[in-house]
Amino acid sequence: MTAVKAKRMNMSQAIAMALHHAMEIDTSVVVLGEDVADPQGGGVFKCTAGLSDAFGTERVRSTPIAEQAIMGAAVGAALGGMRPVAEIMLMNFMTVAMDQVVNHAAKLRFMTGGQTHVPLTIRTATGAGFGTGGQHADYLEAWFAHTAGMKVVAPSNPADAYGLLLSCIFDDDPCLFIESLPLYFTQGEAPVPGERVPLGKAKVVREGTDVTVISYSRTMVEVQAVARDLEKQGISVEVIDLRTISPLDMPTLLESVRKTGRAVIAHEAQVDFGVGAEIATRLHADLFHELKAPVGRVGAARSPVPFSKALEDAFIPTKERITAAILNVLK
């Protein structure tokens, strides 16, 4: 692929590159989902463009609009010795396939006493900002992080998207790979071909001394912008990109928050019952006597994603709301 030589690329290109490389490495890697093959356009977001031309429609299969069937076929293929990558076009449609994911893919290793593995990767996209309304843009990562046996991954840049997706594909347990719609066509540093990002390992993307801000996926873009702005005011923000939501890299989080004494978690999902609540609880439990302020949380409102542009903008965590949360824990 020509993208291999690029110095910068967008997340859609990085995902396509990872899929291409995985299929070159291992003939057991197959891709299935709605419109993923080239005769149907190579995916609605072009993440699978060129794959069926390169590897054939036996390994890259466009399916009917039937999420439960896609997931059932993928689970069966994984049990049969393949490494399927199943695309569920939008995360809200994961609800249709929840039985196959939660009751089968996530539990089979446990229920067979470790005799059966399900090396399945589920790619799905979501994110507010395009006026797609309440049934197309929810972040539902907490549902799957709550499911024992599932790994949940959410990259914030093209290089991590490539490396994390490769790691998911070659992991022996089911992985949910969450792609951000607003980040698909945002340029970033190109990945190193073949370089995998380990699952369960967060990254300190910016060092600081006053407060730790933990985030992932699209909200990382806002967090990093806030950190740059606050630096001009003399506030030093340490920024951590989770990359993997489950399992959590608590050692990295604890080391950072122990240093700064303050923490804020920011994500696009609703605040209530979210990933931020789990992280905050663990930080309070382990660092109660070292924290200089209660852990702050920033997320979406407790509402379906609004269709109205003005309401949608108010729904997601903005730079202003993230800044306010940081300043609050610094008081």
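Which handedness does the crossing of H9 and H10 have? I started my notebook with that one, and the crossing of H9 and H10 turned out to be right-handed. A reminder to myself before going on: this is a predicted model.

**Entry 1: H9 and H10**

I looked up the geometry of this pair next. H9 and helix H10 (residues 275-287) pack with their axes 11 Å apart, at an angle of about 60°. That angle makes H9 oblique to H10. I then listed who touches whom: H9 brings Met250, Leu253, Leu254, Val257 and Arg258, and H10 answers with Ile279, Arg282, Leu283, Asp286 and Leu287. Sorted by class, the contact of H9 with H10 holds 7 nonpolar and 3 charged residues, with no polar ones.

Ser246 and Pro247 are joined by a cis peptide bond, with omega at about 5°. Pro247 sits in the loop between strand S12 (244-246) and helix H9 (250-260). I noted it because most peptide bonds are trans.

**Entry 2: a backbone angle at Asp35**

What is the phi of Asp35? I found a positive value of about 65°, although Asp35 is not a glycine. I marked it because most residues other than glycine have a negative phi. As for its place in the chain, Asp35 belongs to the loop between strand S2 (29-33) and helix H2 (51-55).

**Entry 3: H1 and H7**

How far apart are the axes of H1 and H7? I read off 8 Å for helix H1 (residues 11-25) and helix H7 (residues 158-169), which pack at an angle of about 30°. With that angle, H1 counts as roughly parallel to H7. Their crossing is right-handed. On the H1 side I wrote down Met11, Ala14, Ile15, Met17, Ala18, Leu19, His21 and Ala22; on the H7 side, Pro158, Ala161, Tyr162, Leu165, Leu166 and Ile169. The class count for the contact of H1 with H7 is 13 nonpolar, 1 polar and no charged residues.

**Entry 4: H8 and H12**

Then I turned to helix H8 (residues 219-231) and helix H12 (residues 319-330), whose axes are 9 Å apart at an angle of about 60°. This makes H8 oblique to H12. I logged the crossing of H8 and H12 as right-handed. Thr219, Glu222, Val223, Ala225, Val226, Asp229 and Leu230 of H8 touch Lys319, Ile322, Thr323, Ile326 and Leu327 of H12. By class, the contact of H8 with H12 splits into 7 nonpolar, 2 polar and 3 charged residues.

**Entry 5: the largest pocket**

Which residues lie nearest the centre of the largest pocket? I found Asn157, Pro158, Ala159, Asp160 and Glu189 there, out of 26 lining residues. Pro158 was already in my notes, as one of the H7 residues that meet H1. The volume of the largest pocket came out at about 580 Å³. Its lining takes at least two residues from each of H7, strand S8 (187-189), strand S9 (203-206) and H8. I counted the lining of the largest pocket by class too: 13 nonpolar, 6 polar and 7 charged.

**Entry 6: the cavity**

How many cavities of 30 Å³ or more does the structure hold? I found 1. The volume of the largest cavity is about 30 Å³. Its lining consists of Glu87, Ile88, Met89, Arg123, Thr124, Ala125, Glu179 and Tyr184. Strand S4 (83-90) and strand S5 (121-126) are the elements that give two or more residues to that lining. My class tally for the lining of the largest cavity reads 4 nonpolar, 1 polar and 3 charged.

Note on methods. Residues are numbered from 1 along each chain as its sequence is written. This is a predicted model: local features need pLDDT of at least 70, side-chain atom pairs count only at pLDDT 80 or more; totals for chains, interfaces and linings use all residues. Side-chain values use heavy atoms; hydrogens and water are left out. Axes are lines fitted to C-alpha atoms, for helices over the stretch in contact, and angles run from 0 to 180 degrees between N-to-C directions. Helices (H or I, at least four residues) and strands (E, at least two) are DSSP runs, numbered from the N terminus. Angles under 35 degrees count as roughly parallel, over 145 as roughly antiparallel, 65 to 115 as roughly perpendicular and the rest as oblique. A crossing is left-handed if the near helix is turned anticlockwise from the far one by less than a right angle, and right-handed if clockwise. Contact means heavy atoms within 4.5 Å. Ala, Val, Leu, Ile, Met, Phe, Trp, Tyr, Cys and Pro count as nonpolar, Asp, Glu, Lys and Arg as charged, and the others, Gly among them, as polar. On a 1 Å grid over the protein atoms alone, a cavity is a set of points where a 1.4 Å probe fits but cannot get out, and a pocket is an open set with protein on both sides within 12 Å along at least five of seven lines; lining residues have an atom within 4 Å of a point. Grid points are joined across faces, edges and corners, and a volume is the space filled by probe spheres set on the points.
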